[in-house]
Amino acid sequence: MRAGGGTDCCVPGTALAAADAGTEVLVVADACAGVYDEAHARALHGPGPVAAPLRVTTVDALLAEAGH
């Protein structure tokens, strides 16, 4: 699971490295931020660096999956 600042910079670098190593990676969208809202959204959902092969999710979705 990956959360933190720099959705459009730091998050993709470490998340994609983990995915390349064969790890399932979840990027928690509402636990990350970009310099600008547009850059954050583009990195998560557009043709940006995070879009694939990573799974983008939210804190609420993770809690629901865990049964909380």
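Me: What average pLDDT does the protein have, and what share of the residues score at least 70?
Reply: The model is predicted. The protein averages a pLDDT of 81, and 82% of the residues score at least 70.

Me: Which element has the lowest mean pLDDT, and which the highest?
Reply: Strand 1 (residues 2–5) has the lowest, with a mean of 60. Helix 3 has the highest, at 94.

Me: What pattern does the protein follow along the sequence?
Reply: The pattern is β-α-β-α-β-α, built from three helices and three strands.

Me: Why is the pair Glu65 and Arg55 called a salt bridge?
Reply: The N to O distance between the two side chains is 2.2 Å. The cut-off is 4 Å between a side-chain nitrogen of Lys or Arg and a carboxyl oxygen of Asp or Glu, so the pair qualifies. By this rule the count comes to one salt bridge.

Me: Where in the chain do the partners Glu65 and Arg55 sit?
Reply: Glu65 belongs to helix 3 (residues 59–65) and Arg55 to strand 3 (residues 55–57), ten residues apart.

Me: How do you know whether Glu65 is buried or exposed?
Reply: Its relative accessible area is 51%. Exposed means over 50%, so Glu65 is exposed.

Me: What class does Arg55 fall into, and why?
Reply: Arg55 has a relative accessible area of 32%. That value lies between the limits of 20% and 50%, so Arg55 is partly exposed.

Me: Why is Thr57 called buried?
Reply: The relative accessible area of Thr57 is 7%. Buried means under 20%, therefore Thr57 is buried. Thr57 has its place in strand 3.

Me: Which residues does Thr57 touch, not counting those up to four places away in sequence?
Reply: Thr57 touches Leu26, Val27, Val28, Ala29, Asp30 and Leu62.

Me: What makes Gly6 count as buried?
Reply: Gly6 has 18% relative accessibility. The limit is under 20%, so Gly6 counts as buried. Gly6 lies in the loop between strand 1 and helix 1.

Me: What is Gly6 in contact with, leaving aside neighbours within four places in sequence?
Reply: The contacts of Gly6 are Val11, Pro12 and Ala33. The C-alpha atom of Gly6 is also separated by 4.9 Å from that of Gly34, 28 residues apart along the chain.

Me: How do you know whether Val11 is buried or exposed?
Reply: Val11, found in helix 1, has a relative accessible area of 0%. Buried means under 20%, so Val11 is buried. Val11 and Val27 are 16 residues apart in sequence, and their C-alpha atoms are 8.1 Å apart in space.

Me: What makes up the largest nonpolar core?
Reply: The largest nonpolar core has nine residues: Val11, Ala15, Ala19, Val25, Val27, Ala29, Cys32, Leu44 and Leu54. Helix 1 (10–20) and strand 2 (26–33) are the elements that give two or more residues to this core.

Me: What share of the residues in the protein is buried?
Reply: Buried residues make up 31% of the 68 residues.

Me: How much accessible surface does the protein have, and what part belongs to carbon and sulfur atoms?
Reply: The accessible surface comes to about 4,000 Å², and 58% of it belongs to carbon and sulfur atoms.

Me: Among contacts between residues at least 6 apart in sequence, what share joins residues at least 24 apart?
Reply: The share is 64%.

Terms used: Residues are numbered from 1 along each chain as its sequence is written. This is a predicted model: local features need pLDDT of at least 70, side-chain atom pairs count only at pLDDT 80 or more; totals for chains, interfaces and linings use all residues. Side-chain values use heavy atoms; hydrogens and water are left out. Helices (H or I, at least four residues) and strands (E, at least two) are DSSP runs, numbered from the N terminus. Buried means under 20% relative accessible area, exposed over 50%, partly exposed in between (1.4 Å probe, protein chains only). A nonpolar core is a set of buried Ala, Val, Leu, Ile, Met, Phe, Trp, Tyr and Cys residues joined through side-chain atoms within 4.5 Å. pLDDT is the predictor's confidence in each residue, from 0 to 100. Contact means heavy atoms within 4.5 Å. Accessible areas come from the Shrake-Rupley method with a 1.4 Å probe; for residues, only the protein chains shown count as cover.
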